[in-house]
Amino acid sequence: MNKLLIPISSSFVKNKLKLEEDRGSGESKLFVGSKKKEQYYDDFFGNYDSNNKYCFSKSNLIDYLKTVKLEYVAQKCNRYKNIDLEYFEEKMSFVESLDDDIYLKIIKFVDSSRYYIRPEKNDQKLFEMVFWREIALPKITDLEIIRDDKNILFNLMVNFDAIRSRNVDNDTEEVASEIIGKPHQRIFFGAPGTGKSYELNKEAKEYFGKDYERVTFHPNYMYGNFVGAYKPFPKVLKDTDGNIQETITYEYIPGVLMKQLVKAFKNPNKNYLLLIEEINRANVAAVFGDIFQLLDRDETGESEYFIATSKELQEYLIKEFKDVELSEEVSNKLEKDFSRLYLPSNLYIWATMNSADQGVMPMDTAFRRRWEFKYLGINDAADANKEDFANYIFKINSTETVKWDEFRRELNKKLSSLNIPEDKLIGPYFISKSILEGTDLERLTETIKSKVLMYLYEDAAKAFRSSLFAEGKYSTYSSVCKCFDENALSLFKGNIEIDTELIGQDLQENEEENSKYEE
């Protein structure tokens, strides 16, 4: 007989059962362990053979609910978002109406580093309603999975050791940070204006609240800026007579990574994020230095290896944690004299990379493989926000307007026909969202003219000007701008065929919409 014991986390359960400080909607798949143990888990679950029986016991679910009833009502061990006696009774009634044994089909799901289990599509509703996603209370519940030949039994168990170790009278008690179900290190990449920063910023706010910092890499950004270094520092001193004297001394000034790392060590109950914009615009090997070794993470999210700290960093950490009581686990890993360093599981590093600038500072393979990459396609953001982009219009001459997204897509088709790669095409947010949403039509038109034409003329289509622009209209950049003002669609060879609307017509429609809204 084999057995697995999996703690139920807040990142997995439905929103009502989440802890008050936790965000996200909860995953419908259950984290089992590291992908490194994929073969072990496959063997445990019998390679998901169709003859396997995956079973929950009605009696186990009832016993579990009876045991945690007080926590549903009083919430003494944890604070949940929206559960009470009524919610408890609703779930208990539902469970009591079920058959004695409840069967379903389980399948696996793996990403680049984690192994999950989840139900087959037909059993999704049963999985959510009956089983632990709408019943189990995170932090105090374990899922016991017992395998006996072809029978695999799921049991919900209350973790009494976890409850005993908690000071229930202290509402500010610190507990371990939740797994948020996102990679610890990942890079959003794509063509200019595909919404990389927008998407990353949205997820940062959703999962980390205010606990994140942002930094932008550039060619002169170095290790001392990112991690920390001794730097000149002004200091005011008083001599024996009380006279004030200004001088310059040297102090260890922590970089943005070290600041977030210190916060993560001090507050293991919170997740922290470091956002890096334009990660490939700096020499990442030089910027990360020996921290590169720490980017190898295990299944829990902690660094698999340690690095030795420099003397100046060691002294800084001793000073920083002088009056802070670190957890025993963190203290043992850092050593008493802070001679070792690692990245904890509650520190995440996410970044953006403009794929059109890959040649600025190339990343080597060893660095790349320590990150998970997510590609944002050239039209992904516009397809996901069609209603918004339908309202973004600009002038193509003195009397007509066109939709920005339709113009951009047609322009990209012309660029693609010239074999210009996708990472040189124009994304929907090539023009910032704040300008697209503005009411100043003239400003949006001028912004598109200056940004798009300059990008085409001096970068993306520099070698293809004669093939992209109409004959006699591209001899100078000023002539391109002049032709754009006269008729933007006829600036390009073969014209751009998209629907236009009269400016007066747009204004009239807007007035009618405003009138309806006011009524």
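Me: In what order do the strands of the open sheet run, and what is the sense of their pairing?

Reply: The order is E10-E13-E16-E9-E17, five strands in parallel pairing. This is a predicted model, in which local features need pLDDT of at least 70 and side-chain atom pairs pLDDT 80 or more, while totals for chains, interfaces and linings use all residues. Residues are numbered from 1 along each chain as its sequence is written, and side-chain values use heavy atoms, leaving out hydrogens and water. Strands here are DSSP runs of E with at least two residues, helices are runs of H or I with at least four, and both are numbered from the N terminus.

Me: Which strands are called edge strands, and what makes them so?

Reply: E10 (212-216) and E17 (372-376), as each pairs on one side only.

Me: Why are E9 and E17 said to pair?

Reply: Pairing takes at least two bridges found by DSSP. Strand E9 (residues 185-190) has five with E17, in the parallel sense, so the two strands pair. Arg186 stands opposite Glu372 in E17.

Me: Which strands does helix H9 touch, and what angle does its direction make with E13?

Reply: Helix H9 (residues 256-266) touches E10, E13 and E16, where contact means heavy atoms within 4.5 Å. The angle to E13 is about 165°, on a scale from 0 to 180 degrees between N-to-C directions of axes, lines fitted to C-alpha atoms (for helices, over the stretch in contact).

Me: Why is Ser479 called buried?

Reply: Its relative accessible area is 16%. Buried means under 20%, exposed over 50% and partly exposed in between, with a 1.4 Å probe and protein chains only, so Ser479 counts as buried. Ser479 is in helix H20 (residues 477-487).
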